[in-house]
Amino acid sequence: MRAMIIKEFRELRRDPRTLAMLVALPLLLLIIFGYAANFFVSSTHTAVVGPQAQQAAAALPSYFDVTVIEPQDTQHDAVNLLKENKVDVAIVTGQSPVLALVDGSNLFGAQSTVAVLNKAGATVTTDVLFNPDLKTSWVMVPALIGLILTFIGTIITSIGLVREREAGTLEQLAVMPIKPSQVILGKIAPYFLLAAIDMIIVTLLGMWLFGVPFNGNVFAFILGGGIFLFVVLGLGVFISTVSQTTGQAIQTAFLFMMPQILLSGMIFPLDAMAAGVRWIGYILPLTYFNMIAQGIMLRGAPITSLWLPFVVLTAMAVIVFTGATLRFRRDLAPNAPQAPARPATKDAS
């Protein structure tokens, strides 16, 4: 019995991934739920437009973080500011009562803002845009599209490639006269196609079952989904290159998945997270896909206003694929043949 216990401890010590699951994951969940599990947004980015913009901005409570004051702008300009995600609330002056336009695609922020505005009574008329009834499904469906793509790209891809390694067929591909990058692209092509089909099916089902609108450009949505797919598929390939067994691949992929579910803004709003945890969300690809999907589907945002998430995802795709290719070349590609040693010669002298 004692020998068996000692043996198991030694096995755990030799398996750092299992130790990470046993030790690091509970700590990660504690930190996340302690600092990120907050649905109430303490402040919101606000624009004030219209003839009395200066006076209204000065009279607003501290909850409203006024970042734009434009006395010459109209209600139409205020709607554009919300559509382009420059602010979360736009106060339109020059009428009685004052009109407050709220971005409903930012669900939890909108709920907090509406609760604050309701305290003002009849002096303010509140109009929620892009999600008038503040339906959770309207915000969750675009995020779930990204989560499904993440699951397919990260877990399914890594398991499929590791199984080939266990069967010995991946090494056979590596000795063929083709580049490692071509091997990787060839292996992920079926997963990319299947994930793209899943994205279309889930999007259409979400629109049909839950009435989620699609107000933006279809091409921009497809482009964002394609770039995001390259990122998560690259992560799956990278995980497969650092894993020797299917169990290791699943453990590593799960460690990648958990932060993306909890810190991407899908469940808890980024604005409500503590600053020490929020920065993790801004290095996760799912965060930027959520910005693209919600911006296009709910707000009808033009691609020019979503340039930041597009650029970040593109940079992530390049970095991840480069890292996966380098790992594949180092671990699986055959070493260059060694030059034969030159025979030793005797000195003429």
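**Helix packing and loop geometry in a predicted model**

Trainee: At what angle do helix α8 and helix α9 pack, and how far apart are their axes?

Mentor: This is a predicted model, in which local features need pLDDT of at least 70, side-chain atom pairs count only at pLDDT 80 or more, and totals for chains, interfaces and linings use all residues. Residues are numbered from 1 along each chain as its sequence is written, and side-chain values use heavy atoms, with hydrogens and water left out. Helices (DSSP runs of H or I, at least four residues) and strands (runs of E, at least two) are numbered from the N terminus; axes are lines fitted to C-alpha atoms, for helices over the stretch in contact, and angles between N-to-C directions run from 0 to 180 degrees. For α8 (residues 180-210) and α9 (residues 218-241), the packing angle is about 135° and the axes are 10 Å apart.

Trainee: How are α8 and α9 oriented to each other, and what is the class make-up of their contact?

Mentor: Angles under 35 degrees count as roughly parallel, over 145 as roughly antiparallel, 65 to 115 as roughly perpendicular and the rest as oblique, so α8 and α9 are oblique to each other. Contact (heavy atoms within 4.5 Å) involves I184, I188, Y191, F192, A195, A196, M199 and T203 of α8 with F221, G225, G226, L229, F230, L233 and V237 of α9. Ala, Val, Leu, Ile, Met, Phe, Trp, Tyr, Cys and Pro count as nonpolar, Asp, Glu, Lys and Arg as charged, and the others, Gly among them, as polar. By class, the contact of α8 with α9 has 12 nonpolar, three polar and no charged residues.

Trainee: Is N131 buried or exposed, and which backbone atoms does its side chain reach?

Mentor: N131 lies in the loop between β5 (124-129) and α6. Buried means under 20% relative accessible area, exposed over 50%, and partly exposed in between (1.4 Å probe, protein chains only); N131 is therefore buried, at 0%. The N131 side chain reaches the backbone oxygen of G104 at 3.4 Å and the backbone nitrogen of K135 at 3.0 Å.

Trainee: Which peptide bond is cis, and where is P97 found?

Mentor: P97 is found in the loop between β3 (89-92) and β4 (98-103). With omega about 0°, the cis bond joins S96 and P97.

Trainee: What distance separates the C-alpha atoms of T304 and E84?

Mentor: T304 is placed in the loop between α12 and α13 (307-331), and at 60% relative accessibility T304 counts as exposed. T304 and E84 are 220 residues apart along the chain, and their C-alpha atoms are separated by 8.7 Å.

Conventions:
Polar contact = N/O pair within 3.5 Å; in protein donor to acceptor, adjacent residues only side chain to side chain.
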